Amino acid sequence: MQSHTYSATASFVSAPSGDPYKYQVGFGNRFASEAIPGTLPQGQNHPQKNKYGLYMEGMTGSPFVAPRPQNLHAFLYRIRPSLDHKKFIRLPDSPDMESNFLPINPKVHISPTQLKWAPPPFPSSSDEVDFIAGLKTIGGNGEPTAREGLALHIYLANADMKNKAFCNSDGDMLVVPQQGRLDVQTEFGRMMVRPGELMVIQKGMKFTVSLPDGPSRGYVQEIFGSHFELPDLGPIGGHGMANPRDFEVPLASFEIDEMHWEVFYKIGGQLFSAAQDHTPFDVVAWQGNYVPYKYAMEKFIFVGSVSKDHIDPSVFTVLTAKSKATGIPLVEVLTVSERWNVASDTFRPPYYHRNNATEILCFISGERGGRYVPGGIALQTVFCPHGPSPEVHKAAIVEELKPERISKGSMAIAIETPMILSMTDYAMNRAGTVVESEPLSFPPDFIAHLDEINADLKAAGYEELKKKSD
């Protein structure tokens with residue numbers, strides 16, 4: 001059938017330069033949007049007959065009996081219901097994607113040390129690779145059918161998805177472009193996502209991706225067990241870090257398109273497709289609090305020490321997701337970029353540490369001492385010791401401590417999880433350059449002070465220290 005394409009969008013909040021779309025703002029709000037005025041029913045959700053012959057379709061992101069603050073749902077008023085599709089077809093597994101990270105899976109690997117990946121190359125110009133075909137898994141924990149766990153992917157794309165859409169039934173996807181904008185069409189409307197912004201598409205939502213700037217590369221954090229939330233602020237107070245009003249939600253937008261479409265579904269780590277003779281993006285109006293959204297990370301308000309010592313990096317958290325253990329996150333997503341460091345009498349680089357967390361740094365822009373470059377990834381597993389090199393330590397303990405801007409011109413996201421991540425075959429063998437940390441040797445400066453120490457011990461009435469050697 002011939003295609004007749006039309007789109008309409010209401011306007012609320014103007015987008016910054018370079019973004020052609022308009023947005024509603026807020027996090028956790030109950031939004032309402034209609035592309036044709038008067039389409040949303042008033043005073044009820046399920047009228048006997050919807051205006052213009054639209055179909056009402058509900059979508060829930062939580063169990064029905066979840067407490068009100070965690071109860072997520074949306075009502076969509078669309079030209080055809082999602083039920084209007086052909087049979088599901090099981091697709092071959094992607095060789096570069098993985099969803100089962102249990103140790104019994106022979107295709108995943110545990111590494112006890114620090115790992116670092118160079119930026120992966122883009123697909124050859126002779127191959128058309130869209131956003132979904134370009135997904136490649138680095139590592140993860142758990143598996144999606146247990147509704148607990150996560151996966152870290154990268155994407156490498158050089159082509160639009162065209163008449164293809166994707167629906168992830170396994171979990172929410174947090175997407176961070178590193179190079180090239182993403183023009184994202186969802187059932188709720190359109191978003192333009194540039195490097196420096198993050199986007200969240202929650203599970204069950206259909207979307208398609210176009211590449212207005214040509215080839216694009218970036219990072220994807222998928223979570224199986226819960227949804228992303230804003231962290232509690234506690235003693236910080238009522239505002240700061242990522243403010244709710246800085247999150248942007250699309251406005252209703254629809255098309256009248258009766259062309260052939262393929263909708264790809266991921267469920268239980270397996271891929272399926274279902275054809276349909278109309279666009280999945282035909283929602284004329286919607287309302288609810290289960291929505292896709294984006295956030296510009298330069299809006300983050302950093303919190304830190306203004307006297308001495310370091311504050312835990314949790315104060316850099318943009319979004320967090322709960323695990324099944326009370327008070328313990330499944331994952332936290334942090335932003336790291338230019339900010340002031342003013343702490344006095346303080347060792348200013350990251351101190352040596354072994355954390356109950358797998359720490360992942362994904363670099364968007366700028367460089368950090370030549371060690372990390374945009375498009376790269378650095379990972380330290382749970383309790384892996386790490387910190388500055390001997391040279392950095394030596395310089396840091398004698399430097400003059402003046403207020404300084406750090407991480408100038410750079411931006412990264414950090415992902416922290418208490419889960420142990422298994423690495424995929426792709427990450428360890430096919431991702432290009434993967435480097436394990438080299439052993440470091442540090443001078444035992446304490447021993448050089450042995451005469452001074454023994455003099456102090458003797459003066460205090462203690463036995464002197466003696467150096468043992470082979």
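A strand here is a DSSP run of E residues, at least two long, and strands are numbered from the N terminus. This model is predicted.

**On the surface**

W340 is found in strand β24, residues 329–341. Is W340 buried or exposed? Exposed means over 50% relative accessible area. W340 has 54%, so W340 is exposed.

**In the core**

The largest nonpolar core holds 89 residues. F131, F228 and L319 touch the most other members. Which strand gives the largest share of this core? Strand β9, residues 148–157, gives six residues. Domain 1 (23–39 + 51–106 + 123–297) and domain 2 (301–434) both contribute to this core, so the core lies between them. A second, separate core has ten residues, among them L334, V336, Y372 and A412.

Strand β9 is mostly covered: ten of its ten residues are buried. On one side these are E148, L150, L152, I154 and L156.

| Partner of β9 | Residues | Sense | Bridges | Opposite residues |
|---|---|---|---|---|
| β8 | 135–143 | antiparallel | eight | E143 and E148 |
| β16 | 216–223 | antiparallel | eight | I223 and L150 |

Strands β8 and β9 also form a hairpin, with four residues between them. In the turn, R147 has a positive phi of about 55°.

Conventions:
Residues are numbered from 1 along each chain as its sequence is written. This is a predicted model: local features need pLDDT of at least 70, side-chain atom pairs count only at pLDDT 80 or more; totals for chains, interfaces and linings use all residues. Side-chain values use heavy atoms; hydrogens and water are left out. A nonpolar core is a set of buried Ala, Val, Leu, Ile, Met, Phe, Trp, Tyr and Cys residues joined through side-chain atoms within 4.5 Å. Buried means under 20% relative accessible area, exposed over 50%, partly exposed in between (1.4 Å probe, protein chains only). Domain bounds come from an automatic or database domain assignment. Two strands pair if DSSP finds at least two bridges between them.
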